[in-house]
Structure formats: C-alpha cells, structure tokens
Amino acid sequence: ASPIVTYSYCKIMDYEGQAKAERLSNAIISACGAIGIVVGWVQQRFSFCVYSIFVGVALCFLITVPNWWLYRGAQMKWLDSGMVNKYWESKRKEEEAEARQKAKGKEAAVPAGAAKKRH
C-alpha cells in the first residue's frame, strides 16, 4: 500500500465530525422528505414521497458514511496512562480520607460508656 492511502485511512472521524454528519443527514432527509411531500401532493402520487425519502437516505449514505476529510477536523489528544493513574490514585486517597473522617465522627458521637452496656 502506498503511504498516501495508508495516511488517508489512519485518521478516523472524531466526535465533532460525528455531530456534523448527524446534523447534515437530518437536514438532507428532512429536505428530501419535504420536497417529496410537496411534489407528491401536487402530482397526487404517494410514490413520489417514498422515492424522495429513498433518494435522501442514499444521498446521506454517500455523504456521511465515508470517512471524509471534513469529519476529521479536531482529533482528540489522549492522556498517557501515567496521568490517568495519578488521577485515580488521588481519587482513592480522597475517598480514604473521607472514610477516616466519617469513622472519627461516629466515634466522637458515641458516649464512652454506651458501647459497653449490652443486655
């Protein structure tokens, strides 16, 4: 495979591109549906409505399914595993500190002689 082909397929559609493709497909199908309803109503043929929807779906498939360059504009920068591990370690320490604070609060709330009295 040539480097040009490999490069064009190595980038994938990002989240912003997915949102852009969805908005575009909604607009295309809505426009084709509206045009089909108007033409079908004027011509008094329901099949025009159905065919226009089919054309809209096929057009959306050709425009939004391939990984076009306009859907790959903002690539995500991934975090390295070290930063993720630091984040989860800090979260774990915070939870342990909160648990210790709650345990100290419960010990202080119980009177000294109340825990020993059992019948």
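A: Arginine 92 counts as partly exposed because its relative accessibility is 37%, where buried means under 20% relative accessible area, exposed over 50%, and partly exposed in between (1.4 Å probe, protein chains only). This is a predicted model, in which local features need pLDDT of at least 70 and side-chain atom pairs count only at pLDDT 80 or more, while totals for chains, interfaces and linings use all residues. Residues are numbered from 1 along each chain as its sequence is written, and side-chain values use heavy atoms, with hydrogens and water left out.

The side chain of arginine 92 meets that of glutamate 89 in a salt bridge at 2.1 Å, N to O; the term stands for a side-chain nitrogen of Lys or Arg within 4 Å of a carboxyl oxygen of Asp or Glu. These two residues are three apart in helix α4, so about one helical turn separates them (helices are DSSP runs of H or I, at least four residues, numbered from the N terminus). Glutamate 89 is also partly exposed, at 33% relative accessibility.

Glutamate 96 and arginine 92 both lie in α4, four residues apart, which is about one turn of the helix, and glutamate 96 is partly exposed with a relative accessible area of 35%. Through shared partners, the salt bridges join Glu89, Arg92 and Glu96 into one network, and the structure holds two salt bridges.
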